Amino acid sequence: MINNEWGIPITYSPKILSTEEPIIFMYDHDSQSWGKLYGIGVGPGDPELITLKGYHLLQRVPIVAFPAGVGDKPGIAEQIIAPWLKSDQLKLPLTFPYVQDEVILHQAWQQAAETVWLYLEQGQDVAFVCEGDVSFYSTFTYLAQTLKQFRPEVLVQTIPGICSPLAAVASLGIPLTIRDQKLAILPAIYAIADLETTLHQADVVVLMKVSSVYQQVWDVLQRFNLLEQAYIVERATLPNQVIYTGLSDRPHLRLSYFSILIIKTTLAHTSKQTC
């Protein structure tokens, strides 16, 4: 039995999860002397969009880990938290390659988990930060699952953040969904056939990190007469954010990696019904 931050007594027990289950980590503070791993979602880009809980934890932990940037450039998560870090905190970049090779990915997750464990076993808390939310297509998922596989006694807590689709529609000034609209979110590795099926089924479709398949997506939207109901937000909430509304005259956009495409299929259906 322990008290939470509001002084309310609560009881937690560890739970080991398979890689196919949702990550829901329960914890028990008085069971071990090891440090605790926190996963903190720090939002889409604007440093002021981190939650108060995430901010306070970030200020308290001695070790702050994050995905390493490419080359000499800091990663997005590292840039977001830069204003909030203190000089005495250890900054721990972890390498996660941008590849689809499962062997390479598993090796990277294993190495990252072992690196984090070196600090946890010394009783030091570690916060791993990632852009957006830690449960939404997040690197933290793989780090936490890998760590739990070889150290199931590790204590893990996740702190939610604002995910990029919500930030994108806020920048556009439109709601993501209303009333009984159906929402579908597809990652960048979807097949075009999956996209076509989804456009028939959902009222709002969000395509994550669309840059690598933009040309094929544009062709599909043209066939479905949806180009004027499509919006793109690059680097949502950052100073260099770019917004495109209506894509009819933009078949060859060169988009950044952090680009989201939102399609309002309901608008097309409504206009057809009123004609």
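Me: A helix is a DSSP run of H or I with at least four residues, numbered from the N terminus. Where does that place leucine 57?
Reply: In this predicted model, leucine 57 belongs to helix 1, residues 52-60.

Me: Why is leucine 57 called buried?
Reply: Its relative accessible area is 8%. Buried means under 20%. Leucine 57 therefore counts as buried.

Me: What makes Tyr38 a contact of leucine 57?
Reply: Contact requires heavy atoms within 4.5 Å. Leaving aside neighbours within four places in sequence, leucine 57 is in contact with Tyr38, Ile40 and Ile159. So Tyr38 has heavy atoms within that cut-off of leucine 57.

Me: What separates leucine 57 from valine 126?
Reply: Along the chain, 69 residues. Between their C-alpha atoms, 9.9 Å.

Me: What is the order of the five strands in the open sheet with parallel pairing?
Reply: The order is 5-4-6-3-7.

Me: What makes strand 5 and strand 7 edge strands?
Reply: Strand 5 (90-94) and strand 7 (155-159) each pair on one side only. From one strand to the next, the twist averages 25 degrees.

Me: How do you know that strand 4 and strand 5 pair?
Reply: Pairing takes at least two DSSP bridges. Strand 4 (residues 63-67) and strand 5 have five, in the parallel sense. So the pair qualifies. Valine 64 stands opposite lysine 91 in strand 5.

Me: What does helix 1 touch on this sheet?
Reply: Helix 1 packs on strand 3 (36-41), strand 4, strand 6 (126-130) and strand 7. The direction of helix 1 makes about 135 degrees with that of strand 3.

Me: Which strands does helix 3 touch?
Reply: Helix 3 (residues 102-120) packs on the sheet against strand 3, strand 4, strand 5 and strand 6. Its direction makes about 160 degrees with that of strand 5.

Me: What is the order of the open sheet with mixed pairing?
Reply: Its five strands run in the order 8-9-12-10-11.

Me: Why do strand 8 and strand 11 count as edges?
Reply: Strand 8 (183-186) and strand 11 (242-245) each have a single partner strand, so one side of each has no neighbour in the sheet. The twist here averages 15 degrees from one strand to the next.

Me: How do you know that strand 9 and strand 12 pair?
Reply: They share five bridges, in the antiparallel sense. At least two are needed, so they pair. Leucine 207 stands opposite leucine 261 in strand 12.

Me: Which helix packs on strand 11?
Reply: Helix 5 (residues 164-172) does, and it also touches strand 9, strand 10 and strand 12. Its direction makes about 70 degrees with that of strand 12.

Me: Which residues of helix 7 are buried?
Reply: In helix 7 (residues 214-223), they are Tyr214, Val217, Trp218, Val220 and Leu221.

Me: Why are they said to share a side of helix 7?
Reply: Because their arc around the axis is only 165 degrees, they lie on the same side of helix 7. They pack against helix 6 (192-201), strand 9 (204-208), strand 10 (230-234) and strand 12 (259-264). Helix 7 runs at about 10 degrees to strand 12.

Me: Which residue with positive phi follows helix 7?
Reply: Asparagine 225, with phi near 60 degrees.

Me: Which aromatic residues cluster with Phe128?
Reply: Phe96 and Phe140 form one aromatic cluster with Phe128. The whole structure holds seven aromatic pairs.

Notes. Residues numbered from 1 in each chain as written. Predicted model: local features only at pLDDT ≥ 70, side-chain atom pairs only at ≥ 80, totals over all residues. Heavy atoms only, no water. Buried < 20%, exposed > 50% of the residue type's maximum accessible area, 1.4 Å probe, protein only. Arc of directions from axis to C-beta. Axes fitted to C-alpha atoms, helices over the stretch in contact; angles between N-to-C directions. Phe/Tyr/Trp six-rings, centres within 6.5 Å; stacked < 30°, edge-to-face > 60°.
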